[in-house]
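Biologist: I'm new to this one. Can you walk me through it?
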4 protein chains.
Amino acid sequence: MIQHLPATIPDELFAAFADSLAKAARELAAQGWTPATSSNFSMRINEEHAAITVSGRDKARLGRDDIMLIDMDGRAIGTDSRPSAETALHTQIYRRWPEAQVVLHTHSRTQSVASRLFAADGVVHLRGWELQKAIPGYTPHDSVLDIPVFPNTQQMAELVAHIDAWLDSDKPLHAYLIDGHGIYTWGSSMEETRRHLEALEFLLACELDLRVLRAS
Amino acid sequence: MIQHLPATIPDELFAAFADSLAKAARELAAQGWTPATSSNFSMRINEEHAAITVSGRDKARLGRDDIMLIDMDGRAIGTDSRPSAETALHTQIYRRWPEAQVVLHTHSRTQSVASRLFAADGVVHLRGWELQKAIPGYTPHDSVLDIPVFPNTQQMAELVAHIDAWLDSDKPLHAYLIDGHGIYTWGSSMEETRRHLEALEFLLACELDLRVLRAS
Amino acid sequence: MIQHLPATIPDELFAAFADSLAKAARELAAQGWTPATSSNFSMRINEEHAAITVSGRDKARLGRDDIMLIDMDGRAIGTDSRPSAETALHTQIYRRWPEAQVVLHTHSRTQSVASRLFAADGVVHLRGWELQKAIPGYTPHDSVLDIPVFPNTQQMAELVAHIDAWLDSDKPLHAYLIDGHGIYTWGSSMEETRRHLEALEFLLACELDLRVLRAS
Amino acid sequence: MIQHLPATIPDELFAAFADSLAKAARELAAQGWTPATSSNFSMRINEEHAAITVSGRDKARLGRDDIMLIDMDGRAIGTDSRPSAETALHTQIYRRWPEAQVVLHTHSRTQSVASRLFAADGVVHLRGWELQKAIPGYTPHDSVLDIPVFPNTQQMAELVAHIDAWLDSDKPLHAYLIDGHGIYTWGSSMEETRRHLEALEFLLACELDLRVLRAS
C-alpha cells in the first residue's frame, strides 16, 4: 500500500501508530473477537487525523500496510485504500471526546449475542459487579453502568444520529453496542481502551451467564 | 503413500495443493473442529481432478502424504489409498458450482448440535446478524440466510439426491448441515472458504446462545 | 524414583512405556481434563505387568519418573511409590479385555457434569451422532451407544463388583463414567484410546448442549 | 520501583518470593482469571512480613518490580508503592492461619457469576464431586464442602469483620467468595494453593453447569 503522508505527520510517527494498531488487532483476533474480517480499530494522530484499519482485512494477520490515514470527516488521505465502512463512528467519537485517543470495535460472540438480547430495551444495565470499577466514573460496585444498544443499519448517517441523540444525555459513556453486531469502546490510551474492552467483554459474559442461571 | 499423477498435473502443482489442504486441516483441528479423525477437505485442481484428504487420518497431524488425487466421479487416481467416505459430496459441489475451488467439511460441537436442533425444521434461519455479510449475496444484515439441514445417512447416493433437490431451488447457497454430523461449505479460494466457515461457526454459535438466553 | 524392574522387562522397554504415558498425560492436562492432580493412566506391558501413573502427581508436568510398575493385582513392583488409588479399575480392565493395551481415566468438566446428570439413570444413551462411529461396534450413526454411569465410592472393591456385574452383559463396552468423577476408556493402542476419549468427550458435550437447547 | 528491605530480609530472598508471585500471576492471567488488572496475590515471608502485588498492574505482564513488601497490618514497607486495595484480606488470613504461606485472589467469570448466584444464600454447598478431595478435610466425596459468600463492600474493615464472624465457626475453611467479585483461597505452599484454586474453579463451574442442566 502506498501512503502519502502530510508534512505534519512524519513517516516514523505514522509507522508507530500503525504498528500499535496492528499489534492490538492481532491480539484481539487471537481471542476470537474479530471473526471473518469483521471489526475495526483506530488511533487519533492529531486534531485533524487518525490512523484506521483498511476495510476487509484479516485481523489475525494485520500488519503496518493494513493501516491508513483519514481526516476527521472520514476521508482517506494520501491513499487509494478504502477505510472501514464504519469510519464515521470512529470520527464521531474523536469529535465529541477530545480526550479520546483510541477507538476499538470488536465483534465477539458475547458482544453480538448481548446486543441482540438487549436490543428491544435499548440498553444493558450492569450492576453489582466489582469489575465495573474498570470503567471511569463507576467506582462503587453498586452503581449502575448502562451500555446503550443502538439499532443496526447499513446507513452510517442514521447510526451517527442515533448515537448523537443518546450522547446528548449527561451520563458518562465509554462504550455502546450495535444490535446484532458488536461493541465500540474508547479511551485516552491503547492501554486504557484495551482495559475497557476486556472489562466490558467480561461483564457482558457474566451478565448473560447469570441470566440463564437465575432462570434455572 | 505413492501417488502417480497424470501428465497434466506436475508434481509441484499437486504438492502445492496438498500442502495448502494439510495446513488448513491442521489449523482447523487446532480449533477442535475435527474430533477423532472426522472431517474432510478438498481443492479442485482442474476440471477433471481434485485433491482430497485420505480417509481416517488425524487432522491435527496432517501432512502432504495424507492428501490424494480423485476424479470428479470420486475415484482414486494413481493411488491405492481410500478417499474420504463422503467424497461424493465434494465432487457434487465441484460439478454444480464451476467457480467452487475449495470444499471444507468440519464437525465442531456447535455445528453438530445445531444440526440436531434444527433437523426437524430442515433449515436454520439466520437473520439480524451483521456477520451474515461474510456470505456472498447477503449484504444487508436484515436479509435471511438459510442453511439447510439434510437427514444423515451412510448412503451417499441418497444424501446426494437430497442435496440436489434442494439445490434446484434458486436461492444462493454456500453451506449446508447434515443432521448429527457437521457442516459443508465452499468458495472460490481457500481464503474465502475459510472466511465462510469461520462466519458460519460464529453465526450458529450466536444463534444457539440467543435461543437459550431468550428462553431464560 | 527408584524402579527395580523384573528381568523380563528391559530398562529401555519400561522407559518407552513411561514416556508414552507421560506425554499423553501432559497433552490431556493441557486440555484441562486432569484438574488438581486428578486422573490416571496406564499401559499394559505384558500379561503380568502394567505401567501406571504414581498417585497425586501434577499431570501437566508428568515425566518418566512419575510412572511405576504394577502387577495385575495392582501391587507396586520394585518401588516404594504408591500407585493411583484407582489402580484396581485399571487391572480389572486388563484382566477382562485381553486386547486392551491402554486405559485412560480423565476428569473433564463435561465428563464430571454428565456423570452427575445421568447418575440416577445409570446410563447415558448416545444416539444420532455421526461421531459414534469412532467407537468400534457402532458403525451406523443411528445405533444407540450406551455409556454406563456407576455410583461413586471410595471402596474400590465395591466399584469393581458393580462394574463386573454390568460387564457380564453382552453389549460392547469401551467406556464408563463414575458419578461425580470422570470417565474410563480403553483400547488396543494409545492412538485408538485417545480417539475413543476425544470422541466420548465430544459426544457428551454435544448431548449436554442439546439437552439445554431442546428445553429452551 | 525502589524497594528498601529490612535487614532480616536479604535481597535474594525477596526476589525469589517476587519471582514466584509474578510467575503465578502471569499463569493465572493466561487462563483469563484476572480481567482488567483485577486480582491480587501474596506470599508470607516471615511472621511480620509478606510480599504482595502492587495495585492496578496488568497481571499478564507482571514482573519482579510489581511486587512490594508489607507488614502484617498491611502497611507498605520501604517503598512508596500502594499495595492492593484488598491487602487487609490477605493479612487477616496470615494472622488467623499460622500455616498459611500463600494467598491467591482471582476473578474468573465462573467465580464472579457463582458469587452473584449464591449471594443471597451466603454459601455455596458443594457435594458429590470427587474433586472435593483436593481440599484438605474433605476426603470422602459425599461430604459437604461449604464456600461462604460475603457481601461486597468497598470498606475493607466491614468485610474483615464479616469474615472474622464466619471464621469463628469451627468448620475447616480454605476459600471464600465475595459477591460480584471473586474468590480468595490460601494454603501452605504455592503448589497447594494453586491446587485449591484449580479445584475450586472446576467445582464451581461444574455446579453451575449442573444447575442449568437439571432445570432443562
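Biologist: How many residues of chain C are in contact with chain D?
Modeller: This is a predicted model. In it, 24 residues of chain C are in contact with 21 residues of chain D.

Biologist: And how much area do chain C and chain D bury between them?
Modeller: About 2000 Å², with 61% of it on carbon and sulfur atoms. On the chain C side, C:Ala36, C:Arg109 and C:Arg116 lose the most area to chain D. Together they make up 32% of what that side buries.

Biologist: How many salt bridges does the rule find across the interface of chain C and chain D?
Modeller: The rule finds 1. C:Arg109 and D:Asp209 meet there through their side chains, at 2.7 Å, N to O.

Biologist: How many residue pairs are in polar contact between chain C and chain D?
Modeller: The count is 7, with both residues at pLDDT 80 or more.

Biologist: Which elements of chain C give two or more residues to that side?
Modeller: α3 (109-117) and α5 (190-214) do. The largest share, 5 residues, comes from α3(C). By type, the chain C side divides into 7 nonpolar, 11 polar and 6 charged residues.

Biologist: New topic. Where is C:His105 found?
Modeller: In strand β4 of chain C, residues 102-106.

Biologist: Is C:His105 buried or exposed?
Modeller: Buried, because its relative accessible area is 1%, under the 20% cut-off.

Biologist: Which side chains does a polar contact join to that of C:His105?
Modeller: C:Glu86 is one, at 3.2 Å. C:His181 is another, at 3.3 Å. Leaving aside neighbours within four places in sequence, C:His105 is also in contact with residues including C:Ser39, C:Phe41 and C:Tyr184.

How values were computed. Residues numbered from 1 in each chain as written. Chains lettered and ligands numbered in written order. Predicted model: local features only at pLDDT ≥ 70, side-chain atom pairs only at ≥ 80, totals over all residues. Heavy atoms only, no water. Contact = heavy atoms within 4.5 Å. Buried area = accessible area lost by both parts, 1.4 Å probe. Salt bridge = Lys/Arg side-chain N within 4 Å of Asp/Glu carboxyl O. Polar contact = N/O pair within 3.5 Å; in protein donor to acceptor, adjacent residues only side chain to side chain. Helix = DSSP H or I, 4+ residues; strand = E, 2+ residues; numbered from the N terminus. Nonpolar A, V, L, I, M, F, W, Y, C, P; charged D, E, K, R; others polar. Buried < 20%, exposed > 50% of the residue type's maximum accessible area, 1.4 Å probe, protein only.
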